Amino acid sequence: MQRYIVRRLLQGLVTLFLVSIIVFILGRLTGDPVALLLSEFSTFEDQERLTRQLGLDKPLPEQYAIFLWNAVRGDLGRSIRGDRAPALNLILERLPATVQLASISVLLSFLIGLLLGVLAATKRGSLVDTLSRVLALLGQATPVFWLGIVAMYVFSVELKLLPTSGYGTPKQFVLPVFALSAFTVAAFLRLTRSGMLEALESEYVKLARIKGLSETTVVWKHALRNSLIPVITYLGTVFGRMVTGTVVVETVFAWPGVGRLAFDAVMLRDFPVLQAVVLFMATAFLVINLVVDILYAYIDPRIRYS
Amino acid sequence: MRLGLSAIVTSIIGLVIIGALVLVAIFAPLIAPHDPTKGALSDRLTPPFWQEGGSSAHLLGTDLLGRDTLSRLIYGARTSLAVAALAILVAGTAGSLLGAVAGYLGGWANTIIMRLVDLAFSFPAILLAMVLAVVVGPSFFNIIFVISLVLWAEYARMARGETLRVREMDYVALAQVAGVSKTRILMRHILPNIATSLIVLATLQVGIVIIMESSLSFLGVGVPPPTPAWGSMIAEGRSYVVTAWWLSMVPGVAIVATVLSFNLLGDTLTELLNPARQA
């Protein structure tokens, strides 16, 4: 087990290294920062001075080393906008809003999806089953941003039940979480349902029933446990979906999170911030995947030997 | 390979919708009643024909510039399907090839390719797409390039897994003993046998790509105007949601119907071709 962890950690570090290289290259591809920062009336001497100041006259590998060294120490560049705030600060300010949104959505989708999936599998062919499956199909076919707009229109504008946007009160969480969760609820539902259907046909469930265990025990203790592996696998990839989802949801609902920071940065061509967000998110991603993989190896011993 | 009645019915519905969509996309210039990029300002914000103020000249109404919604919807189908088809073609071919090579040759090829796959998976797709769209600039082919970059890894991963499975088969061993070159084994024995899983994957991915493309268009970094795209139509209609609901609702319904159909098709194919492996 320890060998696997070490191996996985090393893999992760290599990937992180490669990620940083790509982010660095992307940064350099966007064009001359000097031209971006100075007005067109700047003199040649001013441009030269800024170039040297920003370290842009040094050879590329050296620039990369500086970039990496800065990144490790928390200096991810500064926004090109007005107050030239450090990019990392901008990210950290907005991180709580996004983390709250994402974690509530993941938790809710997991619980609801699991519940509906079990119900659909145990009451196969019933109304619950059919409705759940239709919901799942629709959930996976609906784009998150559109669902957000529709929900906003129905619940905020027409019914006036919920606020349209903003962050702070629990009521303002409802619509964004709803839009963000739809796809993942559908996915969890389908995975749980198919896993349960298989598990309910298996030998050990038959044995449990013969033993005289109550149906509740059979379903929730035995069948569910064994159908959870694909669900947990999906949990690993859910965080990726969440990042994508939060960008559009935060844009639709004016949610002050990291996703919207990225979107604003794209619109304003604020490349240092965009670069910082990508680097930050990719790193977070890698760490989460690492943790998930190790947990997975803990649950399923076969993985350790692959 | 038994399919229940409901599965057959839903897959037929899905196929019909997909077929209609493809036809609409191909024959767009003949079917669309108006030019999707030109509108008369005097006609702006006309509601659909069943509402008060609507006209039969613009069945689904017009947008803020007077452009016909139905025509834009039809041409938008073209955009979405074209991007999806090309992106999946590029990503699928490149990814599958790389995955098969990694699985068959093992060793260094495997290590390098798998590290690249990890790399591709470690970038949140939409952020990468946004950054690339800014760096290379939005254009039809750039979007295909961007989406392919995000998509290929999944094909590589699946192709590698399948290759590892197929590699142990007798016919491969026979070919190796007979002295057939590695390239030929790859091309003639391995690739055809892993093709089914990859095709199923491709069908399931069409929906994802369409949603990805529409999300990028919605955010403004997708297919650039004046090319109609469902995502950008939704973005444009966002500010008018109260007064001109059809601007955002209609393209959204189109996306849902399209993705739903492809997902149904993909599910049916999964059941038919991969009975042991669940999606």
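Modeller: Start with the elements: helices (H or I, at least four residues) and strands (E, at least two) are DSSP runs, numbered from the N terminus. In chain A the order from that end is α-α-α-α-α-α-α-α-α-α-α-α. That comes to 12 helices and zero strands. This is a predicted model, where local features need pLDDT of at least 70, side-chain atom pairs count only at pLDDT 80 or more, and totals for chains, interfaces and linings use all residues. Residues are numbered from 1 along each chain as its sequence is written, while chains are lettered from A and ligands numbered from 1 in the order in which they are written.

Biologist: What makes chain A more spread out than a compact globule?

Modeller: Its radius of gyration, taken over C-alpha atoms, against the globule rule, 2.2 Å times the number of residues to the power 0.38. Chain A has 24 Å, well over the 19 Å that the rule gives for 306 residues, so chain A is more spread out. The C-alpha trace spans about 85 × 60 × 25 Å along its principal axes.

Biologist: How many residues of chain B are in contact with chain A?

Modeller: Contact means C-beta atoms, placed from the backbone, within 7 Å. By that test, 34 residues of chain B meet 40 residues of chain A.

Note on methods
Two residues are in contact if their C-beta atoms, placed from the backbone, lie within 7 Å.
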